Amino acid sequence: MTNRLAESTSPYLRQHQDNPVDWWEWSPEAFRAAERRGVPVLLSVGYAACHWCHVMAHESFEDERVAALMNESFVCVKVDREERPDVDAVYMEAVQAMTGQGGWPMTAFLTAAGEPFFCGTYFPPEPRHGMPSFTQLLLSVAQAWRQRRGEVEAAGADVVRRLADRAPQPPLGELGADTLDAAVDSLRSGYDAVRGGFGGAPKFPPSMVCEFLLRAAARTGRPETLAMVVGTCGAMARGGIYDQLGGGFARYSVDAGWVVPHFEKMLYDNALLLRVYAHLWRSTGSPLAARVVRETAEFLLRDLRTPEGGFASALDADSEGVEGRYYVWTPGQLAEVLGADDGRRAAELLGVTDAGTFESGSSVLQLHHDPADPVWWAGARSRLLAARGRRVPPGRDDKVVAAWNGLAVAALAEAGALFDEPAWVAAADRCADLLLDRHWSAGRLRRASRDGVAARHAGVLEDYADVAEGLLVLFSVTGEPTRLGAAGALLDVVLDHFADPDGGFYDTSDDAEALVRRPQDPTDNATPAGSSAAAGAMLSCAAYTGSEFYRAAAVSALGRVAANAGRYARFLGWALAVAEAMVAGPAEIAVVGAPQDPGTAALARAARLSPAPGAVLAVGDPAGPGGVPLLAGRPALGGRPTAYVCRRFVCERPVTGPAELAGQLTATLGNAAG
C-alpha cells in the first residue's frame with residue numbers, strides 16, 4: 001500500500017510513499033480537509049539529501065503507532081523545500097522566530113488557515129537533551145487543540161501578525177565604492193586567517209562572499225582582499241569538504257577546519273564554487289584552483305547530469321543508511337586497493353590514520369599538500385575512485401531545479417570558455433535547451449522537472465533570475481542571440497510580476513498561490529537571494545541592450561540592502577558582487593568579427609581573462625542575425641577583428657590587438673577604483 005505521495009514528481013516525497021502516514025502534498029485540498037475534519041495541519045518540510053530528515057522518517061514516520069496518532073489528530077502535509085521554497089521560507093521564518101534557530105526537517109503545526117501556532121525541527125522518538133519525544137509532542141498539541149482551540153487559533157493569527165511587523169523594509173540606499181570597502185573591512189574582521197573561511201563551526205562554503213572579494217580585489221588592487229579568497233579556497237580544496245577522489249564539494253563542514261563534512265553534495269554549491277575557482281584561477285593562475293575547476297566540472301557531468309541534459313539536485317549524505325560510508329577510508333581499505341606500500345603512502349598523503357578523523361576509525365580524505373610524484377598519485381587516485389565506485393552509492397535526487405540549473409549553465413559555460421573545454425560549453429547549452437523546452441511554457445517558468453516532465457509548481461524569483469544569468473553567460477560564450485532574447489523574456493516577467501512598488505522584488509509572483517505571508521528575503525542563503533540574482537541579471541542585460549529599465553530595477557534592488565551591507569556582508573555576498581559590477585560600469589566589451597577568425601578569438605580570449613567585475617562580452621557581426629544592440633553600429637577597423645570597451649554604451653577608441661584590449665580593461669579597473 002502506498003499513500004498519496006506515490007503520485008508526486010518529487011523524489012523526496014516519493015521516499016515517503018510507503019509510510020503508514022496518510023500524507024498529503026501541499027494543496028488547497030489538504031487545508032479544506034483540515035477544516036472539514038476540525039483538526040490542525042501537521043506540516044513536515046525536508047529534502048531528499050537531508051540526513052536528519054531520513055532519521056526522523058525512520059524513527060517516527062515509518063512507525064505504525066506514531067503514524068496512527070498523526071492520522072487521527074492531524075491532516076499531515078509533506079513538502080519538498082526544493083520544490084516549494086516559498087512554503088519553506090514562510091514557515092522557516094516562523095520556526096526561527098519561535099525557537100531562535102532553524103533547520104530540516106522542519107515540523108510545524110498550522111490552523112486550517114495556514115497560520116503556524118507551534119514550530120520546531122527534528123524531534124526524537126524518546127525524550128532527549130531537553131526535547132520532548134515526537135509522540136509526546138503530538139499528544140500535547142492534539143490535547144491543546146481539543147481543549148483550547150480558540151486560544152490556539154488566536155495564537156496562530158498573532159504569529160502571522162508579528163511576522164508581518166518584525167521586519168520592515170530598510171530605506172533605499174546606494175551601494176557605492178565606500179560602502180563596498182566597508183563591507184570588505186567587515187569581512188576581514190571575521191576572517192579565519194588560520195583555517196580559511198569566516199566564523200566558526202559549522203562552516204559553509206562562502207562562494208558568494210568569495211566572488212565579491214575577487215571583484216573587490218580587482219577594483220582596489222589590495223592584496224589582503226585577494227588573500228582571503230586564496231586562503232579560503234585553498235583550505236576548502238585541501239580539506240575533507242572537497243571530494244579528493246571524485247571532485248565536488250559537500251554542503252558544509254561540521255568543524256571549523258573543513259575536515260569532516262556533512263556529506264550531501266548539492267548542485268547549487270558546486271555550480272557556484274566552480275565559477276569562483278575559475279575566477280580565482282583567472283586572477284592568480286593558481287594550479288590548485290585549476291585542478292578544482294576541472295575535477296568539479298567533471299563531477300557535475302559524471303554524477304549529476306540527467307539523461308535529458310539537466311543536472312540533478314543532489315547526492316545523498318547516506319549510503320546503506322549510514323552517513324558518509326561511501327566516502328571514508330581506513331588504512332586497511334587503502335592497502336586492500338593499492339597494496340601495502342602504496343596504501344601506506346596514500347594514507348600519509350590523505351591523512352588516513354588508525355584513529356581516524358570520522359566515525360569507527362575511518363577517515364575523511366584530505367590533501368594538505370601536493371603529492372611529490374603526481375604521476376603516481378594520478379594512478380592511485382584512479383584506482384581508489386574505481387574501487388569506491390563498487391561501493392553502494394548514495395541516493396540521487398534527480399529532479400531538475402530551474403534556478404540551480406541556471407547556476408550550472410553559467411558556471412560550465414564560463415569555465416568551458418576559460419579552460420578551452422568545449423564539452424563543458426556543450427553541456428551548458430544542452431541544459432539551457434532543457435530549461436527553455438520543458439520548464440518555460442506559456443510565458444512562465446516552472447520550478448522543477450523530473451524525467452523531462454515539468455512539475456506543477458510555479459517558478460519563484462530565483463528561478464527566473466538564475467536561469468536568465470545562465471543564458472546571459474552562455475550568450476557571451478556562444479554568441480547565439482536567441483539566448484540573449486530568452487534572458488530578456490525571463491526578466492520581463494520579473495519586472496511585470498515580481499516587482500515591489502516600493503523597490504526591489506518579492507520572491508513569488510503577484511499571481512502565485514497566496515500564503516499567509518508573501519516572502520521577500522534580500523539575504524543570501526545557500527544560493528544567491530532572488531532579488532540580488534535578479535539585479536545581477538538585469539545589470540548584465542542592460543549592458544547588452546542599453547535598457548535603462550533593467551538598470552533602474554537593478555539599482556532599486558541593490559538599494560534595499562545598502563543599509564546592511566557593512567554589518568551583514570557575509571549574508572549579502574551576491575548583492576555586493578553585483579554592486580561591484582555596477583561601480584565598474586560594468587565594462588561592455590564588443591568584439592566585432594567572424595567568430596571563427598583567429599583574430600576574433602584572440603580578442604575574445606583577452607576579454608574573458610580580464611577580472612573586470614561583471615564585464616559582459618558580445619562577439620559577432622553587427623549585421624548578423626538577432627540584432628545585438630552592443631554590437632550595433634560598431635564597424636571593424638580595416639576589415640580586421642576589432643574590440644570596443646564601453647560603459648553604458650559610451651566607448652573607448654576601438655582596438656585590434658589583444659594586448660591593447662587588456663590594457664583598456666585594466667585602465668577601466670583603475671577608473672572604478674578612483
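In helix H15, the buried residues (under 20% relative accessible area, with exposed meaning over 50% and partly exposed in between, for a 1.4 Å probe and protein chains only) are Trp-376, Trp-377, Ala-380, Leu-384, Ala-387 and Arg-388. They lie on the same side of H15, because they cover an arc of only 95° around the axis, the arc being that of the directions from the helix axis to the C-beta atoms. An α-helix has 3.6 residues a turn, so residues three or four places apart point the same way. On the other side of H15, Pro-374 and Val-375 are exposed.

The model is predicted: local features need pLDDT of at least 70 and side-chain atom pairs count only at pLDDT 80 or more, while totals for chains, interfaces and linings use all residues. Residues are numbered from 1 along each chain as its sequence is written, and side-chain values use heavy atoms, leaving out hydrogens and water.

H15 spans residues 374-388, 15 residues in number, and reaches 20 Å from its first C-alpha to its last, close to the 21 Å expected at 1.5 Å a residue. That expected span is 1.5 Å times one less than the number of residues. Helices (H or I, at least four residues) and strands (E, at least two) are DSSP runs, numbered from the N terminus. What does the buried side of H15 pack against? Its buried residues are in contact (heavy atoms within 4.5 Å) with helix H13 (331-338) and helix H14 (340-350). At the N-terminal end, Asp-373 caps H15, with a side-chain oxygen 3.2 Å from the backbone nitrogen of Val-375.

Charged side chains come next. The whole structure has 45 salt bridges, each a side-chain nitrogen of Lys or Arg within 4 Å of a carboxyl oxygen of Asp or Glu. One of them joins Lys-399 to Asp-80, with the closest N and O atoms 3.0 Å apart. This pair links distant parts of the chain, 319 residues apart: Lys-399 is in the loop between strand S12 (396-397) and strand S13 (400-401), and Asp-80 is in strand S3 (residues 75-80). Lys-399 counts as buried because its relative accessibility is 0%, and Asp-80 is buried at 2%. Both belong to a network of salt bridges that links Asp-80, Glu-82, Asp-397 and Lys-399.

Another salt bridge joins Glu-414 and Arg-282, whose closest N and O atoms are 3.7 Å apart. Glu-414 lies in helix H16 (residues 402-418) and Arg-282 in helix H11 (residues 267-284), so this pair ties together parts that are 132 residues apart in sequence. Glu-414 and Arg-282 are buried. Arg-450 and Asp-398 form a salt bridge too, at 2.7 Å between the closest N and O atoms. Arg-450 is partly exposed, with a relative accessible area of 21%.

Which way do the residues of strand S18 point? Glu-588, Ala-590 and Val-592 point one way, while Ile-589 and Val-591 point the other way, and all are buried. S18 runs parallel to strand S19 (residues 616-620), and five bridges join them; strands pair if DSSP finds at least two bridges between them. Val-592 has Gly-620 in S19 as its bridge partner.

Finally, Ser-44 lies in strand S2 (residues 41-46) and is buried, with a relative accessible area of 1%. Leaving aside residues up to four places away in sequence, Ser-44 touches Trp-23, Phe-61, Val-77, Lys-78, Val-79 and Met-106.

Terms used:
A polar contact is a pair of N or O atoms within 3.5 Å; within protein, one must be able to donate a hydrogen and the other to accept it, and residues adjacent in sequence count only if both atoms are side-chain atoms.
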